[in-house]
Each structure stands twice: as C-alpha cells, then as structure tokens.
Amino acid sequence: MALGRKGNRDSYSTSMKRFSLLFTPQRLFVFFLGIILVPNIFLCFTEPLPALFKGAYILIPGALYLLLLNLSRRPGIIFLALLPLHFVGAVQLVLLYLFGHSIIASDMYLNIFTTNSGEALELLNKLAPAVIGVLLLYLPALILAVCSIRRSERVSPQFRKRTFILAMLMLGSGAALYHSAHRQVPQKARLDNLYPINAFNNARFAIESWKASQQYRESSRDFDYRASSTRESQQPEVYILVIGETSRAANWGLYGYDRNTTPRLCARPEIIRFDDVLTPINATHKSVPLMLCAAGATDFRQIYRQKSLITAFGQAGFRTAFLSNQRHNGSFTEFFADEADCSRYLAPTPSNAHPYDEDLLPLLDSLLNSGAKKQFIVLHTYGSHFNYDERYGLDCRVFTPDRIDKIDRKNRLAMTNAYDNSIVATDRLLYQIIERLARTGHTAAMLYLSDHGEDLLDDDRNRFLHASPRPTYYQLHVPCILWFSPQYIRRYPHDERQARANHATPFDSRAVFHTLLAIGGITTDYRNDRFSLISPSFQPGERYYLGERNTPVPVRLIPFDAEDRLAFERHGVALR
Ligand SMILES: [Zn+2]
C-alpha cells in the first residue's frame, strides 16, 4: 500500500513537472492575453469600423489587459478575477455567430432575463455549435488558470518589466491611432465604442432599465387617464386586440406571399389590411408594451409612469381581460396585463409544453358568454415564435416536410414550411375570433398586429430569428388587420371608410393605442387622433425605431444592409 501511495505521488509529481515545463507562467500569461482579446479580434472583422480605429480597437484594450495581468506574478489569479469579462466575451461571440455582427445590445441582456427558460433552452439547442465553441475557448483557459495558481512558479520580475514596457508602447500607439481616427470619423471612433466598454455600458443600461421597470408600480401609481365613454351605456360593445408574435408580413398570403398561408382571411373582403406597418422595435418585451400605451419610440420613458389601454377602457366602463399564451416574464406586458379585471395565462399540458393559441378560444368564449355589456379583451398569442413546428396542430400542417433538427440552409425549405404552417394557424385563429364576434351581434371590432417579424435565412447573410442589434426588413414589416362587425359599420360607417382609406399609409404600432380608444368611443387627454386609423386627421408622420439604450432613430437613418433596402422596395414599404 505504501509503495502504491509512493507510486501515485511519483506519477503526480512527474505530471506536475511536465505541466510546469509546458505551461510556464510566462506562456500562460501570453495565452490568457490571447483568449481575452479574441472578441476584439472578431469584432475588428465584423464591425464597420474606420481602419485606424481598428488598430486602436486591439492596441488600447490589449495594453489594458496586459497591465491587468501584470498586477500579479501569478497571471492565473487575474484571469480568474476577470470572469465577468469572459462571460460577456462568451455571450458576444455567440451573438456574432447568430447575427454576424454588432455589440451585445442592452436588449439582449434584457431578453436573457425576460425569456422563459423553455424558450432559452429551445434557442440554446440551435446555437449549440457557438456554445460549444466558446466553451472550448474559455473552459481550458479557466482550468489552466486554476491549476497555475496552485503552483509555486511565478512570472519573473524581468518578464513583468518587459510586459509593462510593451503595454506602454501599445497604449501610446493605440492612443495615436485613436486620435487620428477620432479626428476623421468622430461619431464612430469614440472611446465608448471600444469593446468591452460598449458591452459593459449596455449591460449597465440594461440593469438600470430593469430596476426602473421593477419600480413601475410605484412610478405609475398616480397616473390617471380620466377616461370616459361617449357611447350609450346600454349599447353592447366588444373590442378585441390580438397581439401576434414573430409573424412577418412577407409570409402572409394576404400580403401577396406566393403561398396562400391565410386562406380564411383572404376569403373575407370586409377585412381591412394595412400594407405598410412597421414595429418600432424588434424585441417582444418592448414592442408589446408600446402597442398598449401612449408612449412611442420618441418618448419611451413615458412608459415608466403611464398605465395601459386596459386601464383607459376600464375607466370608461368596460370589463377588461388579458388572455395570454405567453409566460409571466416581469416585463411591462405583465404589468399591463395585471391592470385587467381578469388576466389568464395558458398553462402547459403534459402533452404540449406550450399550448396552441387556439387553446385561448375557450377562455374567450367564457368571456363572450359572461353577459358583460361592454368588453375589451387582449389576446397575447405565441403565433410564430421559434420552434415553429410546435405552434400548430395537425390540421394546420399544410406545408411539409416541416421538421428540422438544425438551422442551416440545407433545411431552409422545411423551416419555412413550419413557419408558414404557424401563419396558417394564426389565420385560423383570427378567423375563429371574427366568427365568434360576428355571432354576438354586437357592435364589435378586432385589431390584429404582430409584435415584430423574423429572419428566416432569407439571403446570403443567413440571418435568423429576431431581436438582433441591427434590424432587418423581415423583422420590421408586420401584418396588421382590422375587422368591424356589421353592427359597428351600421352605426359608425365613417370609421370603416376612414380605416379603409388609410390602408396604404405608412405607420407603426403606435396606432394601436389611439385607434382602439377611438373605436371604443373613449375620450382622454392621452388619445391623439393623429395616430388613429379611423380618424380623418390620421397623420402619423415620420417613423422612428427604438435604438440602443432607447434612443429614437428615424427609420430612414437605420444603417440597413443593401439586401434590406431592396426588400423594402420589393414589398412596397416606405423607408420613413
Ligand atoms: Zn415577440
């Protein structure tokens, strides 16, 4: 036994010797520096940076990393202490794999926190190559850092001195390059555009936004619409807002897609289709709340003190309901849903982790049969969210094959088939809602708008999903339809005519709030008929996109790729 222990000790010390010879503290130092710099190197290729700034993009952070690693004679300690930096680096690299460019946006951090775990796992599964790649990059380095700390060897004083001089030289030349680049292109060559400063600033903004949203109940407590109804109290009315998910106009038969994915809606000429509608933001946790309140891309901060459309309808004497096929996620959507007299979320069943949107219909039926005279109902669907083939039942499986194990161009047809089938399911859902409303014989209307679109490997860029830091045509152009019951049209024929006349006017989801208040005959100081589709004064003006850190950017100034500009033109959508 004693011999055995000695043998083990010998082989342990031999392997430690080998480790020491191979991974000297100096070599590890250089290796750690290389690993930390990987995101900067990738970003130099993916970001449209001025040439001189690219030099500064490596030299300045490189010099700072050198100085940091130099703080200890055991560089492994510093490398481990920089764990938050490696985490951000790993997320940044996965996002580069996903979108091909851009710094992690503050919304990306928020999406991580407002996406339910099932959704995140679905996505992680498809991002496996990138996730494996970053694990292979960072894990061995972290393991080496831990092992190196336990050893007695240190970097030599001479090495530290030389590194310090090198860092100073790099910093000096980086600063010179930065200075020249900043003089040439001051808006792009900025210090806060250097990675990781930009990524950490965005993270800080995300945390501040998150905190502000968590204080929302307090900051909006005294808000009052002072809303009232102009309608007779005995007149039964029911208005439904259906919020679509990830449905893009380009794949709707109703919008000229070469597959008829919306046969039921196409067969109803009374439906008013709005051709040129953009979402002001490509992420659910912002686009949905922006439909529901008076804030827009130009005054987003108003959202922290206002309540939603649901409260306005409630004050005007409507019974309000929010039915959701999405999960609680702590975003404004949930805060607004809580304003309703009744808010219900579909629960997963053993057979289906995510219920179909059609499962909302029995809940809708019980509301419509409740005897309430005036009702305002919001349906928050899961529409065409990834994984597409889990969004519909067999009866909507029109396009096959529709099963894929991996997202790539080889599987594009099956992926598109699945996506198109999810639109077929939306078509069926909207048709059934309209049928139900028609059967009530009430003054009724249904407005549908999708929260944003989706990229589906549409061109050589191989863009996929949504919520990318830089949007595409496919993420922004959303379907929007309006339906009035015959009773509504009889009472308010001008409204229907006006909406039809506005069908080609470019607008964004800001119209939802003001149009629904107008349809419901609700007066409040917050209603602005400039954004109401049924108003003769409908004049929504220039469209804005909610950019990084909630900065409004005119749509015409978004740096779209040539592919998107062509797609906007092809689909007759205005870049303004
Ligand atoms: Zn969404």
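Modeller: Happy to, and keep in mind that this is a predicted model. Strand 5 (residues 319-324) pairs with strand 7 in the parallel sense, over 6 bridges. Across that pairing, Thr320 stands opposite Phe376 in strand 7.

Biologist: Which other strand is joined to strand 7 (residues 374-380), and by how many bridges?

Modeller: That would be strand 2, through 7 bridges, and the two run parallel. Val238 stands opposite Gln375 in strand 7, and the bridge partner of Ile243 in strand 7 is His380.

Biologist: How many residues of strand 7 are buried?

Modeller: 7 of the 7 are buried, so strand 7 is largely enclosed by the rest of the structure. Lys374, Phe376, Val378 and His380 point one way, while Gln375, Ile377 and Leu379 point the other way, and all are buried.

Biologist: What about strand 2, how many of its residues are buried?

Modeller: Strand 2 (residues 237-244) is mostly covered, with 8 of its 8 residues buried. One way point Glu237, Tyr239, Leu241 and Ile243; the other way point Val238, Ile240, Val242 and Gly244; all of these are buried.

Biologist: And which strand is joined to strand 2 by 8 bridges?

Modeller: Strand 8 (residues 443-450), again running parallel to strand 2. Glu237 stands opposite Thr443 there.

Biologist: Let's talk about cores. Which residues have the most contacts inside the largest nonpolar core?

Modeller: Ile240, Ala445 and Met446, in a core of 107 residues. Helix 17 gives the largest share of this core, 11 residues. As general background, nonpolar side chains tend to be buried together in soluble globular proteins.

Biologist: What does Met446 touch, leaving out residues up to four places away in sequence?

Modeller: Met446 touches Ile240, Val242, Ile433, Ile434, Leu437 and Trp483. Apart from this core lies another one of 43 residues, with Leu69, Leu95, Leu96 and Leu110 among them.

Biologist: You mentioned helix 17. How far apart are its end C-alpha atoms?

Modeller: They are 43 Å apart. Helix 17 (residues 412-440) has 29 residues, and at 1.5 Å a residue it should span 42 Å, which agrees. Just after helix 17, Gly441 takes a positive phi of about 70 degrees.

Biologist: Okay, zooming out. How many helices and strands does the chain have?

Modeller: The chain has 22 helices and 15 strands. Its C-alpha atoms fill a box of roughly 90 × 65 × 50 Å along the principal axes. Of the 576 residues, 44% count as buried. Among contacts between residues at least 6 apart in sequence, 75% join residues at least 24 apart.

Biologist: Where do the domains fall?

Modeller: The domain assignment gives domain 1 as 16-211 and domain 2 as 225-570. Their C-alpha centres lie 40 Å apart.

Biologist: How many residues are in contact between domain 1 and domain 2?

Modeller: 18 residues of domain 1 are in contact with 18 residues of domain 2. On the domain 1 side, the elements giving two or more residues are helix 6 (106-114), helix 7 (117-126) and helix 10 (197-214). Helix 6 provides the largest share of that side, 5 residues.

Biologist: How does that side of domain 1 divide into nonpolar, polar and charged?

Modeller: The residues there divide into 6 nonpolar, 9 polar and 3 charged.

Biologist: Last one: where is Leu309 found, and what is Leu309 in contact with?

Modeller: Leu309 is found in helix 14 (residues 309-315). With 27 C-beta neighbours inside 10 Å, Leu309 counts as buried. Leaving aside neighbours within four places in sequence, Leu309 is in contact with Leu292, Cys293, Phe513, Leu516 and Leu517.

Key:
Residues numbered from 1 in each chain as written. Predicted model: local features only at pLDDT ≥ 70, side-chain atom pairs only at ≥ 80, totals over all residues. Helix = DSSP H or I, 4+ residues; strand = E, 2+ residues; numbered from the N terminus. Expected span 1.5 Å × (residues − 1). Domains from an automatic or database assignment. Contact = placed C-beta atoms within 7 Å. Nonpolar A, V, L, I, M, F, W, Y, C, P; charged D, E, K, R; others polar. Core = buried A, V, L, I, M, F, W, Y, C linked by C-beta atoms within 7 Å. Buried ≥ 20, exposed ≤ 12 C-beta atoms within 10 Å, placed from the backbone. Pairing = 2+ DSSP bridges.
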